[in-house]
Amino acid sequence: MAAAGVVLVMTGVVVAVTAGREDSPRAAAEHYFEALADGDAERALTYVASAEQIDVSQYPLLGNQALSEDRYRPGDADVGEDMAAGGQFGTEARSVRVVYRAGGQSVAQEFVAVNENGAWRLRLPFVLLGIDGGRGREVTVNGVGLGSAGRATAAFPGAFEAVATGNTLLAESRASGVAQRHGIVDYVASLQFGVPELAPGARESIRSQARTALDRCASSTGAQPAGCPFALNVPGTDIGVTWSVTTYPQVDVRTDSIVWFSGAALQLVDDGTGKVHWSATYTDAGGTRKSQSGDSTFRINGNAQATPTGIQVSLV
């Protein structure tokens, strides 16, 4: 797991070892999966090496809530015989292969057991869970809240069901999966929500706000109104411009786009039909007062983001 970027630095879990219990690499794996099948995260952690360093508040998928329903838990675990694991672990170590069922699939995962204080414990017997496509929405995995920031975290082996809660801009999205082998020793469950759908009424709100923004731009008397899709380069001084939008473009958003400064924002697009009429007065270099008028086409550039109270549309 360390190679995949997750370092478990945790505190607060008490390790209880039952006197006289069979102790072997294979038994540690068997008892670990029995505890997971029972939904008992605390008991499962007693078979984990250095479990006293695990702070479940930092890794919420290592708590009981993540195992609260049978469909999340690994089952039918078939634990193989242990084999030599090599000397890179700094202590006696053995490798144990476990084949289990999760999410209707068969998953084969290799675990390393180390001899810790005279007892066999599993070394980081977790999977790395990553989520992509939350787009600023609040995400839960197996009912456990992970916030809105995309991050990887450690989880028990099993099945994972992720939900990105809908907001004012985007509808709810769901994804599910199990861990797959990634590299030599790591197992990764990569959950991807895919291209999101707009929330009900979002498109209408975006179009209404875009039209209002264009009307505000047209009310300007400047040659280059800030944050507006149309502008003039007028050669002179004492410039005054009258704007009038003659054709409003059909505005939409790309839900498959990611705005570089915010993964939660959607890019605005249009149909290319926008047109504006302008009349400009100015004083040229010779001091003569002049006027010109004409028509120009324009394209919409901007983004839409969810806010606690609605949707914010910004033109750039």
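User: Are Cys217 and Cys228 buried or exposed?
Analyst: This is a predicted model, in which local features need pLDDT of at least 70, side-chain atom pairs count only at pLDDT 80 or more, and totals for chains, interfaces and linings use all residues. Residues are numbered from 1 along each chain as its sequence is written, and side-chain values use heavy atoms, with hydrogens and water left out. Buried means under 20% relative accessible area, exposed over 50%, and partly exposed in between (1.4 Å probe, protein chains only). By that rule Cys217 and Cys228 are both buried.

User: What is the S to S distance in the disulfide of Cys217 and Cys228?
Analyst: A disulfide is a pair of cysteine sulfur atoms within 2.5 Å. The whole structure holds one disulfide. For Cys217 and Cys228 the S to S distance is 2.0 Å.

User: Why is the pair of Phe126 and Phe156 edge-to-face?
Analyst: Rings of Phe, Tyr and Trp (its six-membered ring) pair if their centres lie within 6.5 Å; planes under 30 degrees apart count as stacked, over 60 as edge-to-face and the rest as tilted. Phe126 and Phe156 are both buried. Their ring centres are 5.9 Å apart, and the pair is edge-to-face because the planes stand at 65°.

User: Which ring does the charged end of Arg211 sit over?
Analyst: A charge sits over a ring if NZ of Lys or CZ of Arg is within 6 Å of the ring centre and within 35 degrees of the ring normal. The charged end of Arg211 is 3.7 Å from the centre of the ring in question, that of Tyr248.
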